[in-house]
Amino acid sequence: MPVTVRNRRLLAVSGLAALLLTATACSSSGDQGYGKPAAAPAAAAPASAAAGAAAGAATEGTKLLAATSAGLGPIVTDAAGRTLYRFDKDTAKPSASMCTDACAAKWPPVPAQDKVDVTGVDSALVGSIIRPDGTKQLTLGGWPLYRYAGDSSPGQTNGQGVGGTWFASTPAGKKAQAQTQSAPAQSQPTGGTSYGY
């Protein structure tokens, strides 16, 4: 059978359908085992999909920017203003990521390139690791960096404190901490309730 444009399209659509079916069949059923290494080869499909998405993002260029969050103080964002996080179950010395599979789908690793542009971040603190799936991940102060799927727009910090193990990264690679109010409690407005959102 000759290879035609129509045949190529059919092959591409068939391949995509097979990939989606495999990813759906292998998806997590809500297991919150973030940070646990893969127990079975079947669970590798979601990580591969996340790695593919991360690789696509890598072509946009890697940039780290120091920013200020109203609730957290100094944090690090990517070029799009998305908050970057670190995971307490990872290690900084030596740098290693424990977030794979379902974890990496919820917390996409920040892909690393040979050149990283920094603004307000010490370039001596920037590095990279090779992840278990073979992709390169950006590190800051030795800690692998991630985005959070729950942050839908720039400036959000919805991943802060998730599971007691996820924290926005400071420009030094440390955990961002909630800012305490220095004003006395009586200066707070009365008659309403503040929920800290």
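Are Tyr-85 and Trp-107 buried or exposed? Tyr-85 is buried, and Trp-107 is buried as well. Please keep in mind while reading that this is a predicted model. Here are some points to look at in the viewer.

1. **The Tyr-85 and Trp-107 pair.** Six aromatic pairs are counted in the model. In one of them, the ring centres of Tyr-85 and Trp-107 lie 5.4 Å apart with the planes at 80°, and since an angle over 60 degrees counts as edge-to-face, that is the class of this pair. The two residues come from distant parts of the chain, 22 residues apart. Tyr-85 sits in strand β3 (residues 85-87), while Trp-107 is in the loop between α3 (102-106) and β6 (116-119).

2. **A charge over a ring.** Which ring does Arg-86 lie over? Arg-86 is placed over the face of Trp-143, at 3.8 Å from the ring centre.

3. As a reminder, strands of a sheet pair through backbone hydrogen bonds.

4. Thr-77 belongs to strand β2 (residues 73-77). Why does Thr-77 count as buried? Its relative accessibility is 6%, and the cut-off for buried is under 20%. Beyond its neighbours within four places in sequence, Thr-77 contacts Lys-63, Leu-64, Leu-65 and Ala-67, and also Arg-82, Thr-83 and Leu-84.

5. **A cis peptide bond.** Lys-93 and Pro-94 are joined by a cis peptide bond, with omega about -5°. Pro-94 lies in the loop between β4 (91-92) and β5 (95-96).

6. **A positive phi.** Asp-101 is not a glycine, yet its phi is positive, at about 50°. This residue, Asp-101, is in the loop between β5 and α3. Asp-101 is also buried, because its relative accessible area is 11%.

Technical notes:
Residues are numbered from 1 along each chain as its sequence is written. This is a predicted model: local features need pLDDT of at least 70, side-chain atom pairs count only at pLDDT 80 or more; totals for chains, interfaces and linings use all residues. Side-chain values use heavy atoms; hydrogens and water are left out. Rings of Phe, Tyr and Trp (its six-membered ring) pair if their centres lie within 6.5 Å; planes under 30 degrees apart count as stacked, over 60 as edge-to-face and the rest as tilted. Helices (H or I, at least four residues) and strands (E, at least two) are DSSP runs, numbered from the N terminus. Buried means under 20% relative accessible area, exposed over 50%, partly exposed in between (1.4 Å probe, protein chains only). A charge sits over a ring if NZ of Lys or CZ of Arg is within 6 Å of the ring centre and within 35 degrees of the ring normal. Contact means heavy atoms within 4.5 Å.
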